[in-house]
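Hi everyone, thanks for coming. Let's walk through one structure together, starting from the inside and working along a few helices.

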Amino acid sequence: MPKPLFIALLIAGPTATIAGSGSFLLGLFVLLVVIVANPIVRSIRKARYFASEHFTSLRAAVASLVAEHNAVVGYVAEIRSQGSFELGASSTGQFAHLATFQNDSSWNNRRDRNVAEYAPHVHNASLQVVRNASAEPIKYLMKYFSVRADQDTLADVQRVSGDISRLEEAVMNVRGREADLMARIAPPAFIQKHYSTEFWEQIGAHLSPIAVPYPQYKFQYTSAGGNSAQTTRIRLDTPTLEALSSTLVDKIRWAKSAAGQRALMTNGLRTFIKTRDNYACQYCGISVAAEPHLLLEIDHILPVSRGGLSTPENLQTLCWRCNRTKGARVIA
Ligand SMILES: [Zn+2]
């Protein structure tokens, strides 16, 4: 008799006896629950599943998809390490020192050191300012973090916006591929629940949980005694960055010209370019029709760094492989 079954019988035997012979079915039910929920039994079932012909043949069938998935995961890591996801982080940035700490009591200093955030742009302010900032985030962000309405700032916001949007799309693409692999193999529920990490190891997929490092700005009020605190957080995600871009455009006189208006890159424009190009790479011709999980990116034909504008004439759809090759060429 296998050891787990023996253990289960040891538990279920007395249970059934206590319940009385009339409750034999109940005892049997308890026995089944005990067997299935037992970690040792589960571990044996897991080993049998991963060794099964069913699983190994499916694993072989998705091998090329896994290889492609791993290549895109590597590319996502590349985008993450190359991009700078901070305003003012580029050489043209005009406001590198955005964070201001107005309250420098020892209590608050200690607290600030404990708050380990990626972008600790914190403004300590009155309760009124903290509340107003949540009602009008763009206005208060610009006012209290000295975001100037000029061309360099707009270019900087567009750069961060572009890097974040590119990373968001690549991360979404990887998640889509993982969902697809999961659906193709369709492991039993207990594998998905208890052995998810081992499942991905078994099929050889590199999981790289890459979070998009959205810049965060914080308005913080703390009462004198430190008992009451309120915070407004502004996360520079795509909608906020687009709102900030268009606010800057409204404020910059030159940009009120048709040329300035057209120069704004938005998610809407990215979608427009992809649709215009039939969701196909303009270099190698591969398309979403041929490869459903194809990662497509929008490329400036003349790079922004050389004065290229975000106008439809200067934008094209490229697949991630061609865009990476082009990027390497431009740097070289
Ligand atoms: Zn291509």
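Here is a question to begin with: which residues does Leu244 touch, not counting those up to four places away in sequence? Keep in mind that we are looking at a predicted model. The answer is Leu87, Ile138, Leu141, Met142 and Val157.

Leu244 takes us to the largest nonpolar core, which has 40 residues. Val76, Leu141, Phe219, Leu244 and Leu248 are the members that touch the most other members. So where does this core come from? The elements giving two or more residues to it are α5 (63-82), α7 (127-135), α8 (137-144), α9 (151-185), β2 (216-222) and α12 (238-251). Of these, α9 gives the most, with eight residues. Apart from this core there is another one, of 16 residues, including Phe50, Tyr195, Phe199 and Trp200.

Now let's look at two of those helices, α5 and α9. Their axes come within 10 Å and cross at roughly 160°. An angle over 145 degrees counts as roughly antiparallel, and α5 and α9 are therefore roughly antiparallel to each other. Their crossing is left-handed. On the α5 side, the contact includes Leu65, Val72, Val76 and Arg80, while on the α9 side it includes Leu167, Val174, Glu178 and Leu181. By class, this contact has twelve nonpolar, two polar and seven charged residues.

Next, a stop in the loop between α4 (53-61) and α5, where we find Val62. Is Val62 buried or exposed? Its relative accessible area is 4%, and buried means under 20%, so Val62 is buried. Leaving aside neighbours within four places in sequence, Val62 is in contact with Leu181, Arg184 and Ile185.

Last, the pair α7 and α8. Their axes come within 5 Å and cross at roughly 125°, and α7 and α8 are therefore oblique to each other. Val129, Asn132, Ala133, Ser134 and Ala135 in α7 meet Pro137, Tyr140 and Tyr144 in α8. Sorted by class, the residues of this contact are six nonpolar, two polar and no charged.

Conventions: Residues numbered from 1 in each chain as written. Predicted model: local features only at pLDDT ≥ 70, side-chain atom pairs only at ≥ 80, totals over all residues. Heavy atoms only, no water. Core = buried A, V, L, I, M, F, W, Y, C linked by side-chain atoms within 4.5 Å. Buried < 20%, exposed > 50% of the residue type's maximum accessible area, 1.4 Å probe, protein only. Helix = DSSP H or I, 4+ residues; strand = E, 2+ residues; numbered from the N terminus. Contact = heavy atoms within 4.5 Å. Axes fitted to C-alpha atoms, helices over the stretch in contact; angles between N-to-C directions. Parallel < 35°, antiparallel > 145°, perpendicular 65-115°, else oblique. Left-handed = near helix turned anticlockwise from the far one by under 90°. Nonpolar A, V, L, I, M, F, W, Y, C, P; charged D, E, K, R; others polar.
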